[in-house]
Amino acid sequence: MTTEPSVRARMAGTSLIVQLSGDIDYLTASFFQDRLLEKIALGRQRVVLDLDAVPFCDSAGLNVLVHAWQQAKQTGAVLVLACAPQKLQRMLRMTGIDTLMPVYGTVAEAGLVDGNGA
């Protein structure tokens, strides 16, 4: 049984913490992409994607993450990942996506880098 996809955001200092829940796959990619672009448009300096509640991510999901990173970069924001499950961390390493978006163990670590408070 999979979790219903959801995207929740909260402000923390100069960061926007975005918690993603559910599978990010070809069935949910447009849902996540639309909501992530809405959140990035809020204009925070740092966007932290909390992936702790993402049990599965396929290539369409990886594309969503890369697209969000590109949008954030265009707005001058930094997008980083936090709490990625082991399987997702492995996919990020294998595809080289972790070189675009740093992956942190906790949301606090991701938000505190470069002096930004979370």
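Contact here means heavy atoms within 4.5 Å. I keep that cut-off in mind for the helix I check below. The model I am reading is predicted.

**Entry: the sheet**
I traced the strands. Five of them form an open sheet in the order S1-S2-S3-S4-S5, and the pairing is mixed. Which strands sit at the edges? I found strand S1 (6-12) and strand S5 (103-104), each pairing on one side only.

I then looked at S1 and S2. They run antiparallel, and seven bridges join them. I picked out Arg8 and found Gln19 of S2 opposite.

**Entry: a helix on the sheet**
I turned to H1. This helix lies across S1, S2, S3 and S4. Its direction makes an angle of about 15° with S1.

**Entry: the cores**
Next I looked up the nonpolar residues. The largest nonpolar core has 29 residues. Which members touch the most others? I listed Val18, Leu20, Leu49, Leu51, Leu79, Leu92 and Met101. I also noted the elements that supply at least two residues each: strand S2 (15-21), helix H1 (29-40), strand S3 (46-53), helix H2 (59-74), strand S4 (78-82) and helix H3 (86-95). H2 gives the largest share, seven residues.

My background note: nonpolar side chains tend to be buried together in soluble globular proteins.

**Entry: one residue up close**
I went back to Met101. What does Met101 contact, leaving aside neighbours within four places in sequence? I wrote down Leu65, Val66, Trp69, Leu79 and Leu81.

Conventions: Residues are numbered from 1 along each chain as its sequence is written. This is a predicted model: local features need pLDDT of at least 70, side-chain atom pairs count only at pLDDT 80 or more; totals for chains, interfaces and linings use all residues. Side-chain values use heavy atoms; hydrogens and water are left out. A nonpolar core is a set of buried Ala, Val, Leu, Ile, Met, Phe, Trp, Tyr and Cys residues joined through side-chain atoms within 4.5 Å. Buried means under 20% relative accessible area, exposed over 50%, partly exposed in between (1.4 Å probe, protein chains only). Helices (H or I, at least four residues) and strands (E, at least two) are DSSP runs, numbered from the N terminus. Two strands pair if DSSP finds at least two bridges between them. Axes are lines fitted to C-alpha atoms, for helices over the stretch in contact, and angles run from 0 to 180 degrees between N-to-C directions.
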